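Here is a short briefing for a first look at this structure. Please take in the sequence and the model before reading on.

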Amino acid sequence: MGLAISDELLGTFVPIVVYWIYSGIYMVLGSFENYRLHPTQDEAEKNLVSKEKVIKNVLLQQTIQAILAIFLYKVTGNEAGASKSQSSSLTDIARQFVIAMLVLDTWQYFMHRYFHHNKFLYRHFHSHHHRLVVPYAFGAIYNHPLEAFAFDIIGGALSYFLSGMSPRTSILFFSFATIKSVDDHCGLWLPGNLFHLFFYNNSAYHDVHHHLYGGKYNFSQPFFVMWDRIMGTYMPYSLEKRAEGGFEARPTKRANE
């Protein structure tokens with residue numbers, strides 16, 4: 001007999017595995033200068049934290065998230081949820097995905113914006129993430145652990161509960177959200193990237209936010225840009241080729257406009 005692994009455990013650990021596999025692919029592709037949004041040397045010269053510390057931070061966060069996810073699944077799990085995971089139609093799953101995406105986007109936009117505007121929260125918590133002036137793939141969830149709890153754990157729990165998704169559907173959703181977050185922070189502009197076809201919130205859009213003057217704009221993450229447009233924090237950009245290779249995302253309006 002094979003070893004049976006519950007949907008709850010898969011929902012907890014599959015996104016973590018996906019994070020490192022997808023990040024690893026992008027780190028390999030990052031050696032190709034023609035795809036990069038910043039020259040390779042900028043990572044060492046401009047970033048304020050070492051890759052070793054980023055890895056340790058991410059592993060700590062993922063450990064905390066896994067423990068809390070198992071606890072939440074345990075508290076809310078029941079036989080009805082298990083049978084629902086078997087019977088959900090594609091229409092149900094699509095509806096749950098859309099609801100979860102909207103919930104997660106709404107929560108993260110307003111939390112993200114508040115952590116920027118509140119000087120105490122920015123200085124002691126969110127500034128950790130912006131030590132990566134030049135984002136890269138496995139730094140996607142590099143944050144202060146308390147901020148990670150507020151952004152990712154609470155936001156993920158809300159999207160799970162309010163969408164009504166089953167543990168089995170959550171495997172797909174949180175893996176997808178993980179891939180999207182890594183993609184937004186990868187620092188690359190790859191030809192044929194399907195995310196760029198379906199989401200204007202992409203690696204270049206988020207790169208503008210990491211610019212020194214972009215901290216008041218482009219708070220939306222990880223899927224849509226609707227809240228930036230509604231709340232007046234949308235910063236458009238143009239994507240221009242650098243003479244030495246690669247691309248640069250340049251805002252097309254002044255930051256004080």
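This is a predicted model: local features need pLDDT of at least 70, side-chain atom pairs count only at pLDDT 80 or more; totals for chains, interfaces and linings use all residues.

Residues are numbered from 1 along each chain as its sequence is written, and side-chain values use heavy atoms, with hydrogens and water left out.

**Confidence**
- The chain has a mean pLDDT (the predictor's confidence in each residue, from 0 to 100) of 91, and 92% of its residues reach 70 or more.
- Residues 78-85 have pLDDT below 50. Beyond near neighbours in sequence, this stretch makes seven contacts (heavy atoms within 4.5 Å) in the model.

**Helices α1 and α8**
- Helices here are DSSP runs of H or I with at least four residues, strands are runs of E with at least two, and both are numbered from the N terminus.
- Helix α1 spans residues 7-29 and helix α8 spans residues 167-185. Their axes lie 8 Å apart, at an angle of about 20°.
- Axes are lines fitted to C-alpha atoms, for helices over the stretch in contact, and angles run from 0 to 180 degrees between N-to-C directions.
- α1 and α8 are therefore roughly parallel to each other (angles under 35 degrees count as such).
- Among the residues that meet are Val-14, Val-18 and Tyr-22 in α1, and Ile-171, Phe-174 and Ile-179 in α8.
- The residues of this α1 and α8 contact comprise twelve nonpolar, five polar and four charged. Ala, Val, Leu, Ile, Met, Phe, Trp, Tyr, Cys and Pro count as nonpolar, Asp, Glu, Lys and Arg as charged, and the others, Gly among them, as polar.

**Helices α3 and α7**
- Helix α3 (residues 51-76) packs with helix α7 (residues 145-163) at an angle of about 35°, and their axes are 11 Å apart.
- The contact includes Leu-60, Ile-64 and Leu-68 of α3, with Phe-149, Ile-153 and Tyr-160 of α7.
- Twelve nonpolar, four polar and one charged residue make up the contact of α3 with α7.

**Hairpin**
- Strands β1 (residues 237-241) and β2 (residues 247-251) pair in the antiparallel sense over five bridges; pairing requires that DSSP finds at least two bridges.
- Lys-241 has Phe-247 in β2 as its bridge partner.
- Five residues lie between the strands, and Gly-245 in this hairpin takes a positive phi near 115°.

Methods: Angles under 35 degrees count as roughly parallel, over 145 as roughly antiparallel, 65 to 115 as roughly perpendicular and the rest as oblique.
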